[in-house]
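Here are my notes on the ligand site, point by point. Have the viewer open while you go through them.

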Amino acid sequence: MEELDPDNLGYIELEDLEALLLQSPSEAVARSTTTHSSKLSKALSMKLAPSKDTNPLRHYWQEFAYFLEENWKRIWVVTLWLSICVALFIWKFFQYRNRAVFHIMGYCVATAKGAAETLKFNMALVLLPVCRNTITWIRSKTKVGAVVPFNDNINFHKVIAAGVAVGVALHAGAHLTCDFPLLLHASDEKYEPMKNFFGATRPPNYWWFVKGTAGWTGIVMVVLMSIAFVLAQPWFRRNKLKDTNPLKKLTGFNAFWFTHHLFVIVYALLIVHGTSLYLTNEWYKKSTWMYIAYPVFLYSFERIVRLFRSHDAVKIQKVAVYPGNVLALYMSKPPGFRYRSGQYIFINCHAVSPYEWHPFSITSAPGDNYLSVHIRTRGDWTSRLRTVFSEACRPPAEGESGLLRADLSMGVTDSNAGFPKLLIDGPYGAPAQDYREYDVLLLIGLGIGATPLISIVKDVLNHIQCGGSVGGTEPEASGKAKKRPFMTKRAYFYWVTREEGSFEWFRGVMNEVAEKDKDGVIELHNHCSSVYQEGDARSALIVMLQELQHAKKGVDILSGTSVKTHFARPNWRSVFKRVAVNHENQRVGVFYCGEPFLVPQLRQLSADFTHKTNTKFEFHKENF
Ligand SMILES: Cc1cc2nc3c(=O)[nH]c(=O)nc-3n(C[C@H](O)[C@H](O)[C@H](O)COP(=O)(O)OP(=O)(O)OC[C@H]3O[C@@H](n4cnc5c(N)ncnc54)[C@H](O)[C@@H]3O)c2cc1C
Ligand code: HEM
C-alpha cells in the first residue's frame with residue numbers, strides 16, 4: 001500500500017468505516033484501498049511541470065552536468081593528487097635516467113626510484129584524512145568544506161592506500177626482480193662508477209642485498225603492510241565469512257584495528273629504510289623523513305589529544321533498554337563539550353573491553369543539557385554492553401517506555417549507581433552535520449540509521465522553541481545568538497523500521513514534536529515495513545483501526561504517539577514529488593542514513609527531481 005496523506009482521509013467517513021468494519025470487513029478493506037494514494041500522486045504530477053525535452057543528447061548532457069555538480073570536489077582533489085604523484089614519479093625517473101647507475105640497471109632503477117618518490121608522498125598523505133579531530137575542527141570552524149569533500153575522508157584514505165600498494169609493487173618489484181640481478185651480473189667496466197656506493201668489491205650474491213638494512217626493512221614493511229591491507233578490506237573488516245570458516249575468528253573489525261596498528265612499526269622501518277639507501281650517500285638527499293615528519297607528528301598529536309580528552313568517565317543519567325535490542329544511554333556532557341547534530345562520538349566501556357572504542361551518533365541536540373546515544377545490538381561488543389547495563393536496570397514503571405530502565409537524578413548525584421565506567425571521545429564530524437545550510441530538509445532514516453537524524457529533528461525543535469523563528473540565526477544553549485544563520489524552514493522526517501517496537505526508541509521526541517511544533521515546521525512519517533506485506537488485506541484492516549483510534553484518541557496504535565504510522569515502504573518518488581511541489585525554487589538537503597541498498601534510488605531521485613523541477617535536491621548519505 002502506498003503512503004496515505006494524513007490530512008486527507010475523506011474518501012470514507014470514519015463513522016461509516018467503523019460500521020462497515022463490523023458488518024463486512026472485506027468491503028471495508030476494498031473501500032479503504034480505493035485509488036486514494038494514486039489520486040494524490042496524480043494531483044502532484046499535475047502540479048509539477050515536467051521537462052518536455054526529449055532530445056537524448058541534451059538528456060546525457062544534463063546527466064553529465066549533474067554528475068559534475070555532485071562530484072566536482074572529489075574530481076579536483078583526485079586530479080590534483082594524481083598529478084602530484086605523476087609529477088614526482090617523472091621528476092625522479094628522469095633524475096635517474098641521467099645517472100651512471102642507469103647504464104647498469106636501466107629503466108628498472110628509474111622506475112624503482114620514481115615509485116619510491118610517490119611512496120614517500122603517499123605514506124605522508126595517507127595519515128591526513130584520518131586525523132579526525134583536525135578534520136572536524138576545519139569543517140566546523142572554516143569554510144574549507146565548501147571546496148574539500150570532507151565526508152569522503154575515509155574513501156580518500158583508501159584511494160591513497162591503493163596508490164601506496166601500486167608504489168610498493170613497482171618499487172619492490174623493480175629492485176628485487178631486476179636491479180639486484182643486473183648489478184650482480186654487470187661487467188667490471190660498468191661496475192666501476194658503482195664502487196662509490198658498494199665498495200671496491202662487488203656484492204657477492206643476491207642474499208647480500210636482502211640482508212642489508214635497506215633490504216630487510218623493505219621486506220618486513222611489505223609483509224606487515226600486506227597483512228594490514230588484506231584485513232582492512234571491507235569483506236574481512238565486516239566479517240562476511242561463514243560461521244564455520246576457521247578464519248572467521250581471525251577477521252572482523254578488531255583484527256582490522258589491531259593489524260592497522262602495525263603501521264606504527266612500518267613508519268619506524270620506513271625512516272630506517274629511507275636513511276640506509278644503497279645508491280645515495282648525501283644525507284640531505286635522504287628525504288623520506290622530511291615528507292612524513294609533519295603528518296606523523298600531527299597524527300601522534302591527535303592520538304595524545306584523544307587519550308587526554310577521554311580520560312574522565314561520564315556520569316550516566318538514564319539508561320533504557322528498548323524493543324529491537326536497542327540500548328539508550330543518557331549521560332552528562334563533559335565540560336566544554338560542544339557538538340552539532342549529526343556528529344558522532346566514540347565510546348569505551350572498560351567492563352566490556354578496555355581497548356575497544358565504538359562510534360555512535362549523538363541523538364541529543366546541542367541545546368540539551370545531556371548527551372544521548374541509541375545503540376543497537378550488532379555483535380560482541382554491543383551485546384556485552386547491553387548486558388552489563390541491563391543488569392543494573394529495573395523494570396519500567398507503568399506508562400514508561402523502555403523494557404528496563406534506570407533514571408538517576410539527572411546529573412545531580414556523583415554516584416553512578418553501580419553502572420560500569422564509560423569513556424567518550426569526540427565529537428567527530430559526519431555528513432549529516434551540514435543540515436543547517438538548507439531551506440528544507442528531507443531526512444530519511446532506516447532502522448537504527450535514524451539516530452543522527454533524530455538529533456537534527458530535536459535541534460530544529462529546540463530552535464523553534466528558543467528563537468521562535470525558524471530560518472533566523474542559530475541560538476546557542478546559553479541563549480546567545482551566533483552569526484551563522486539557521487536556514488532551515490521546513491523538515492520532513494521519514495523513518496522506516498521493520499519492527500513496530502522500534503517506535504519506542506524515540507517516542508519522547510515524537511511526542512515533543514507533536515506538542516511543541518505548533519506551526520507544523522517538522523513533518524514526521526513513521527513507516528513500519530514488517531506488519532504485513534503491501535496490499536495484504538490484514539494491513540488494510542490495521543490501517544483502518546489505526547485511523548479510527550487516531551481520530552478518536554489522537555494517538556497512533558503502533559507508535560503510541562500522535563505521529564501516524566504508515567504501513568510498508570514509502571513511495572519515494574511520491575515523497576520527492578510532494579517536496580518538490582511544496583518547495584519550488586528552494587534547496588532541499590536530502591540526508592539518508594541506513595543500509596546502502598537505498599542509496600542508488602535516492603541519489604537518482606535527487607538527480608531526476610533536480611533536472612525536472614526547479615527545486616534543487618542535494619543528496620548526502622551515511623551508512624553504518
Ligand atoms: C559514524 C558511525 C556512527 C554510528 N552510529 C551508530 C548509532 O547511532 N547506533 C548504532 O547502533 N550503531 C551505530 N554505528 C554502528 C556501530 O558502531 C557498530 O554497530 C558497533 O561498533 C558494532 O560493534 P560490535 O562489536 O557489537 O559488532 P561487530 O559484529 O563486531 O561489528 C558489526 C559492524 O560494525 C562495525 N564495527 C565494529 N566495531 C567497530 C568500531 N570500533 N568502529 C567502527 N565500526 C565498527 C564492523 O565493521 C561491522 O560492520 C555507527 C557507526 C559509525 C561508523
Ligand atoms: C599505507 C597504508 C595505510 C596506512 C598508513 C593507514 C593508516 C591508518 C590510520 C593511521 C588510521 C586511523 C586510525 C584512527 O586513528 O582511528 C586508519 C584508518 C582507517 N583505514 Fe587505514 N591505513 C592504510 C591502509 C589502509 C587500507 C589499504 C585500507 C582499506 C582498504 C584502510 C582502511 C582504513 C579504514 C576503513 C579506516 C577507518 C577506521 C575507522 O575509523 O572506522 N587503510 N588507517
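1. A cut-off to start with: buried means under 20% relative accessible area, and partly exposed lies between that and over 50%, which counts as exposed. His 157 has a relative accessible area of 16%, so His 157 is buried. His 260 is at 23% relative accessibility and therefore counts as partly exposed. Keep in mind that this is a predicted model.

2. Now the metal. The iron atom of ligand 2 is coordinated by NE2 of His 157 and NE2 of His 260, at 2.0 Å. These two histidines link distant parts of the chain: His 157 sits in helix H8 and His 260 in helix H14, 103 residues apart.

3. What about the geometry at the iron atom of ligand 2? There are 6 donor atoms, and they subtend angles of 86 to 179°, so the arrangement is octahedral.

4. Next, the polar contacts. Arg 132 puts a polar side-chain atom 2.3 Å from an oxygen atom of ligand 2. For Tyr 299, an N or O atom of the side chain is likewise 2.3 Å from an oxygen atom of ligand 2. His 157 has a polar side-chain atom 2.7 Å from a nitrogen atom of ligand 2.

5. Zooming out, ligand 2 has 23 residues around it, and those that come nearest are Arg 132, His 157, His 260, Tyr 299 and Arg 306. By class, the shell holds 15 nonpolar, 3 polar and 5 charged residues.

6. Which helix gives the largest share of the shell around ligand 2? That is H8, with 5 residues. Helices H8, H12, H14, H15 and H16 each supply at least two residues of this shell.

How values were computed:
Residues are numbered from 1 along each chain as its sequence is written. Chains are lettered from A and ligands numbered from 1 in the order in which they are written. This is a predicted model: local features need pLDDT of at least 70, side-chain atom pairs count only at pLDDT 80 or more; totals for chains, interfaces and linings use all residues. Side-chain values use heavy atoms; hydrogens and water are left out. A residue is near a molecule or strand if one of its heavy atoms lies within 4 Å of it. A polar contact is a pair of N or O atoms within 3.5 Å; within protein, one must be able to donate a hydrogen and the other to accept it, and residues adjacent in sequence count only if both atoms are side-chain atoms. Helices (H or I, at least four residues) and strands (E, at least two) are DSSP runs, numbered from the N terminus. Ala, Val, Leu, Ile, Met, Phe, Trp, Tyr, Cys and Pro count as nonpolar, Asp, Glu, Lys and Arg as charged, and the others, Gly among them, as polar. Donors are N, O and S atoms within 2.8 Å of the metal (3.2 Å for Na, K and Ca); water is not among the atoms, so sites may look incomplete. Four donors count as tetrahedral if all angles lie between 85 and 135 degrees; four count as square planar and six as octahedral if opposite donors are over 155 degrees apart and all others between 65 and 115; anything else is irregular. Buried means under 20% relative accessible area, exposed over 50%, partly exposed in between (1.4 Å probe, protein chains only).
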